[in-house]
Amino acid sequence: MDAFDKRILAALQADATLPVAKVAEMAGLSPTPCWRRIQKLEQAGVIRKRVALLDRRKLNVGVTVFIAIRTSQHNAAWLERFRRALADIPEIVDFYRMSGEIDYLIRAVVPDIEAYDGVYKRLISAVDLTDVTSMFAMEELKSTTEVPLDYAAEA
């Protein structure tokens, strides 16, 4: 990973639809070496996939809910059942195992509280949970898919 790769990644994070020629210009390369670098970054798994970011409000899922889960179950079989159950709930967009007092943190997007209630009922019917705490975001102050590139190891 060198400065060229970082500039390529910065450009693609901002807009994955940019033509290679534009990415190359932004990175300070000619198109063919830039394309090769992009291919290498994809093969190495640095670029996992390219996606379209959608406007949640225009798709009627403008309410963000953070769901803190505590459980008394701490075994691989339970976790696998939980993971499979959450994979089948499209409203759940992020799912983390945590350290500290909360065992799992989930982010879901829904149109309203009634829709969240449906998510909640699917969640509690999937596996045994000790505590479920739901927190509704009042305002989104920062949300990005761009990761910082300053920490990437230079080659």
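Tutor: Residues are numbered from 1 along each chain as its sequence is written. Since the model is predicted, local features need pLDDT of at least 70 and side-chain atom pairs count only at pLDDT 80 or more, while totals for chains, interfaces and linings use all residues, and side-chain values use heavy atoms, with hydrogens and water left out.

Student: What makes α1 oblique to α2?

Tutor: The axes of α1 (residues 3-14) and α2 (residues 20-27) cross at roughly 130°. Angles under 35 degrees count as roughly parallel, over 145 as roughly antiparallel, 65 to 115 as roughly perpendicular and the rest as oblique. So α1 is oblique to α2. Their axes also come within 8 Å, and the crossing is right-handed.

Student: Which residues of α1 and α2 meet?

Tutor: Contact means heavy atoms within 4.5 Å. Phe4, Arg7, Ile8, Ala11 and Leu12 from α1 meet Val23, Met26 and Ala27 from α2. That contact splits into seven nonpolar residues, no polar ones and one charged. Here Ala, Val, Leu, Ile, Met, Phe, Trp, Tyr, Cys and Pro count as nonpolar, Asp, Glu, Lys and Arg as charged, and the others, Gly among them, as polar.

Student: Why is alanine 14 called exposed?

Tutor: Alanine 14 lies in helix α1, and its relative accessibility is 56%. Buried means under 20% relative accessible area, exposed over 50%, and partly exposed in between, using a 1.4 Å probe and protein chains only. Therefore, at 56%, alanine 14 counts as exposed.

Student: How far apart in space are alanine 14 and tyrosine 104?

Tutor: They're 30 Å apart, C-alpha to C-alpha, and 90 residues apart in sequence.

How values were computed. Axes fitted to C-alpha atoms, helices over the stretch in contact; angles between N-to-C directions. Helix = DSSP H or I, 4+ residues; strand = E, 2+ residues; numbered from the N terminus. Left-handed = near helix turned anticlockwise from the far one by under 90°.
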